[in-house]
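Here's a quick tour of one model, written for someone who likes cut-offs spelled out. Have the viewer open and follow along.

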Amino acid sequence: MSLRTCLLLLCLFVCAATRGVADDGYRLWLKYDLIGDAGQRKQYQQAAQFVSVSGQSATLKAAADELQTGLSGLLGQPVPVIGDAKGRKGGIILRVDAQAPDNAGLGEEGYRLYDDKNNLVITGRRDVAVLYGAFALLRQVQTRQLLEGLKISSVPKIQRRLLNHWDNPNGTVERGYAGSSIWKWYELPEVVDPRYRDYARANASVGINGAVLNNVNASPRLLTTEYLHKVAAVAGVLRPYGQRVYLSVFWAAPKVIGGLPTADPLDPQVRQWWKAKTDEIYQIIPDFGGFLVKANSEGEPGPQDYGRNHADGANMLAAALEGHDGLVMWRAFVYKADPKGDRFKAASAEFLPLDGKFAPKVLVQVKNGPIDFQAREPFHPLFGAMPRTPLVLEVQLTQEYLGFATHAVYLAPLIKECLDSDTYAQGKGSTVARVVDGSVDQHAVSGMAGVANIGADRNWTGHPIGQANWYAFGRLAWDHTLGSEAIAAEWTRQTLTTDPPAVQTIAGLLQQTRRIYVRYTAPLGLHHIMGEGIHYGPQPWLERSARPDWTAIYYHRADSVGLGFDRTATGSNALALYKPEVQQLWGNAQTIAPDYLLWFHHVPWRQRLRTGRTLWDELCTRYYTGADSVLWLQRQWAQVQPKVDPALHADVTARLQTQYKEALWWRDACVLYFQTYARRPIPAPFAPPQRTLADVKRLVDIYQLR
Ligand code: BDP
């Protein structure tokens, strides 16, 4: 063998050893690959010579195991787990201490990390807090923070930090783009896929403490005794990691599986059925988290079928939960088909009158915006308008309206935009975040839910960048004051590379992705102009659907005069649902931020906007520059190629090519279609599309074929 071949082989070996062989993404951000820089490694090696844990619980064992696996991988040295440290120095001490005065403000889940000069201490009042602290320490090492003098104290701001899986018992995932469901219902409870544990680890690492396992369009199957035992098997894996399971319930279950003639929430037999069912659930799953309910929405049954309201339904379930530590999350995603109405106002019409009528165990779960997880929405007007009801913020991590698994869209900026919106409910500073965490109205319970983007694909999320959305959701639910770019950098360091310039480039590009996606799909506040049913690709010309509010023209209202939905007093007046300060912000077409313009105003094509361009020119400018920005994303991504695993890099590169192709599709479809109303040329310097409206319509038709 020549010297050159030897060197090459050695180099390949070192690369494989330090990065693992080709990265298939399975390990998410918990990679724990060897720290390449020997000097850096040494500092950590000295601080992490052992892990000391007293106490036997499964949660403490999970914490110690994770530290052992993580640190031995990162440091390339064995890290023994021992009992009492007996005066040893240079290790990590796990200490559960409910009495320590310094732990007083930590609640059940908060943790402290500190350097006591001899050892690094991870402490909290309960085992689960120490588990969170263990992951936090690993994050410090993975992101190469100094441990010397470490002093961190962290308490979650929101209590129930939940993933909502829209997974069906047959293994499909509603709006899932990463393969089939990870829950293998047919194999459970006997076969327990080891993947469930890795799922639980990933959740715990970002502080997610519960999961609704099944779709909101719920199957009654999950409530049968047979299936509850399957659910219990999953719960058993999640429990040591501080997560509880929840179920979405099918409202008519008492009829379908209970054999009753009705599902009327005021019917004594129905109430009794739910009570008995709930007791059974707690017998099988003692730490069951509670129920999520989609009722009287999109064809699902509900209490209104019997002339009752949402509070009647929710309170009946709350009564069934009496004596158990469980909650009801009742969704506010309701809207009736009304060609003359405004879907924007639908949830408010049904829920505002019920404020104060819900039992203490009930939280109302509200999507971030009033329509449906669009690329950009104003915050939902229910936030800040139901002071007597705790509201759960629901965001969508699966990219139903954001390009499935083919478009790179990092969602923390979207989530933050909602969280940071000021409702002015109790004066300035009453942000959605503070409404949701309970501090505005002094609620004792709080929650945030992310519709999961997880499937059985090897890398969990289909698009490798989708992992960042799972990560960011957990981090923001724990602490909504974190910055989205900081979270992106943190995720990147753990997942893709620790090279500082590359981290900066990647975090910078991630931070722009959502803004770019909005520009080439739905600029200036356009919304709901996507492909019918499938919700992929553009279809602004959609005029007829099963319901008027499932068309596109219902929302964009293009005509020869202009574009946009007038939601001011001259139109639907949905704007009146907000506090006066917000009305002032959005009520004037001249002063409103262009990003929200067409959400609230019907604007003449020739009107000059704040940007100096006419509406038509601005619209075209955004579509064109938005699509061009995907080329910028490609260039940025290409730059970091030497620093990122080759397989993973190639995967994202390929997806960025699809993204560009589809950005052009969106651009061409939308400018050509709106041009039929605006009757103006595509402004310079942009070249008119090379294809016709019929060409792009044909593309959409393909996706609509069965
Ligand atoms: C819509 C989805 C639909 C969901 C619904 C919901 O298209 O699949 O069932 O939201 O949130 O966006 O209930």
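## Ground rules

This is a predicted model, so local features need pLDDT of at least 70, side-chain atom pairs count only at pLDDT 80 or more, and totals for chains, interfaces and linings use all residues. Residues are numbered from 1 along each chain as its sequence is written, and side-chain values use heavy atoms, with hydrogens and water left out.

## Around β5

Strand β5 covers residues 120-124; helices (H or I, at least four residues) and strands (E, at least two) are DSSP runs, numbered from the N terminus. Strand β3 (residues 92-96) runs parallel to β5 and is joined to it by five bridges; two strands pair if DSSP finds at least two bridges between them. Strand β4 (residues 111-115) pairs with β5 too, in the antiparallel sense and over five bridges, with Asp115 opposite Leu120. β4 and β5 make a hairpin with four residues between them, and Lys117 in the turn has a positive phi of about 85°.

How many of the residues of β5 are buried? Five of five, where buried means under 20% relative accessible area, exposed over 50% and partly exposed in between (1.4 Å probe, protein chains only). In a regular strand the side chains alternate between the two faces of the sheet. Here both faces are covered: Leu120, Ile122 and Gly124 sit on one side, Val121 and Thr123 on the other.

## The barrel

Eight strands close into a barrel with parallel pairing, in the order β7-β8-β9-β10-β11-β12-β13-β14. Neighbouring strands of this sheet are turned by 25° against each other on average, direction ignored; axes are lines fitted to C-alpha atoms, for helices over the stretch in contact, and angles run from 0 to 180 degrees between N-to-C directions. Helix α9 (residues 310-320) packs on the sheet and touches β9, β10, β11 and β12, its direction making about 160° with that of β11. Contact means heavy atoms within 4.5 Å.

Zooming in on one pair, β13 (residues 391-396) and β14 (residues 447-451) are parallel over four bridges. Glu394 has Ala449 in β14 as its bridge partner.

## The ligand

There are 14 residues around the ligand, and Glu174, Lys294, Arg331, Asp372 and Glu400 come nearest; a residue is near if one of its heavy atoms lies within 4 Å. Some N or O atoms in side chains pair up with ligand oxygen atoms: the distance is 2.5 Å for Glu400, 2.7 Å for Lys367 and 3.1 Å for Tyr401. The protein covers 97% of the 320 Å² of accessible area that the ligand has on its own, by the Shrake-Rupley method with a 1.4 Å probe.

## Two buried spots in helices

Why is helix α5 (residues 195-205) largely enclosed by the rest of the structure? Because 10 of its 11 residues are buried, among them Arg195, Tyr196, Asp198 and Tyr199. The cover over these buried residues includes α3, α4, β7, β8, α6 and α13. After α5 comes Gly207, whose phi is positive, near 85°.

Arg667 has its place in helix α20 (residues 646-678). Is Arg667 buried or exposed? Buried, with a relative accessible area of 12%. Not counting residues up to four places away in sequence, Arg667 touches Tyr520, Tyr623, Tyr624 and Ala627.

How values were computed:
Polar contact = N/O pair within 3.5 Å; in protein donor to acceptor, adjacent residues only side chain to side chain.
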